[in-house]
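Q: I am new to this structure and would like to go through one part of it. Could we begin once it is on the screen?

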Amino acid sequence: MSGPGPAAGRATGQAAAEYRIEDLAHASGATVRTIRAYQDRGLLPTPERRGRANVYRDTHLARLRQIADLLDRGYTLASIKELLEAWDTGRGLGGVLGLVAEVHGPWTDERADRITRAELDVRFGGAQDEQAVAEAVDLGVLERIPGRDDEFLVPSPQELSVAVELHAAGVPLSAISGHLRELRGQVEQIASRFLEFTTEHVFARYLGHRPPTDADAAEAAALVRRLRPLARQTVDAELARAMQTFATRHLEHHLTTEEPFTSGVTAHPPVPVALPPATITAVERLVGRQQAAAFITAATEREVQARTLDTLTSSHSKAKKLGQVH
């Protein structure tokens, strides 16, 4: 016996459609085996038995779609069962699903965009670099669109624009990919720590019972909306502070010394140079003891300037000779 199909209910004038298990599987996207497994675990209501066949209705289809959505959001079957039992026993699920939607919603106002392969090549100087495209896809900077080999989804146009600017400034694509991987790991640690912090001090009171009540879940969702921008604002402020500090140190280093620069380490203090006593005595006799220090300083500066000019002149002469040879 094949049982009624999805159109049977409509044909007989009934309010709800009826499904065979095969029809339910087709409509929901689940397999017959999965549907039976859900029944065994108590995730699906018991179907009506009609002769040798089980008859399913729209409520079963809606439940299957709800389970699939929660699985996509990372919930386990055990936690989904608890949520659904809360719903079935009248404890309410609206607040919980609202909290789920709030957490899984976008954490940025940025909107995804699309880009063709030709446009991508142009933005990166016209060269076709298959390895760089593969790296971008692996990192999620680009996403392939099924059936469109010449077009990509760009989840974060801002992130792609940063890569374009860095490449235009002379940074190799492989270095950009490596930097992004390293940066992503550090940012994920920041995000994890922020969630631990807020869970401990803010959300712990909502996690004492599973699932939370409808009212608690709704209040927690409102708190997520309030706290959502705080992590980004804090990171933006701290990044700006750190960039100003280290950019200044980098500039001072490159303008004043040839020693290797180490981030986070202050510059070495100047080391005093001891002059021979006879030299100091000769200078004091020449200009007087009170003027000796200023005289030595001025003489040192003139010597440094002279050596700098000699170095520049020598470099220019060598470059000129090389130009003549070529």
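Q: Which residues of helix 8 are buried?
A: In this predicted model, helix 8 spans residues 130–139, and its buried residues are Ala132, Val133, Ala136 and Leu139.

Q: Why do they line one face of the helix?
A: Viewed down the axis of helix 8, the buried residues fall within an arc of 130°, so they line one face of the helix. As a general point, an α-helix has 3.6 residues a turn, so residues three or four places apart point the same way.

Q: And which exposed residues sit on the face turned away from the buried side?
A: That face of helix 8 carries Glu130, Gln131 and Asp138, which are exposed.

Q: What covers the buried residues, then?
A: The cover over the buried residues of helix 8 includes helix 7 (117–123), strand 5 (143–145), strand 6 (148–154) and helix 10 (173–203).

Q: What about the start of helix 8: which atom does Asp129 reach?
A: A side-chain oxygen of Asp129 comes to within 3.2 Å of the backbone nitrogen of Gln131. Gln131 is also one of the exposed residues on the face turned away from the buried side.

Q: What follows helix 8?
A: Gly140 follows helix 8, and its phi is positive, near 85°.

Q: Changing topic to the whole protein: how many helices and strands has it?
A: The protein has 13 helices and 6 strands.

Q: How much of it is buried?
A: Of the 326 residues in the protein, 23% are buried.

Q: And the accessible surface?
A: The accessible surface comes to about 22900 Å², and carbon and sulfur atoms account for 56% of that.

How values were computed
Residues are numbered from 1 along each chain as its sequence is written. This is a predicted model: local features need pLDDT of at least 70, side-chain atom pairs count only at pLDDT 80 or more; totals for chains, interfaces and linings use all residues. Side-chain values use heavy atoms; hydrogens and water are left out. Buried means under 20% relative accessible area, exposed over 50%, partly exposed in between (1.4 Å probe, protein chains only). Helices (H or I, at least four residues) and strands (E, at least two) are DSSP runs, numbered from the N terminus. The arc is that of the directions from the helix axis to the C-beta atoms. Contact means heavy atoms within 4.5 Å. A polar contact is a pair of N or O atoms within 3.5 Å; within protein, one must be able to donate a hydrogen and the other to accept it, and residues adjacent in sequence count only if both atoms are side-chain atoms. Accessible areas come from the Shrake-Rupley method with a 1.4 Å probe; for residues, only the protein chains shown count as cover.
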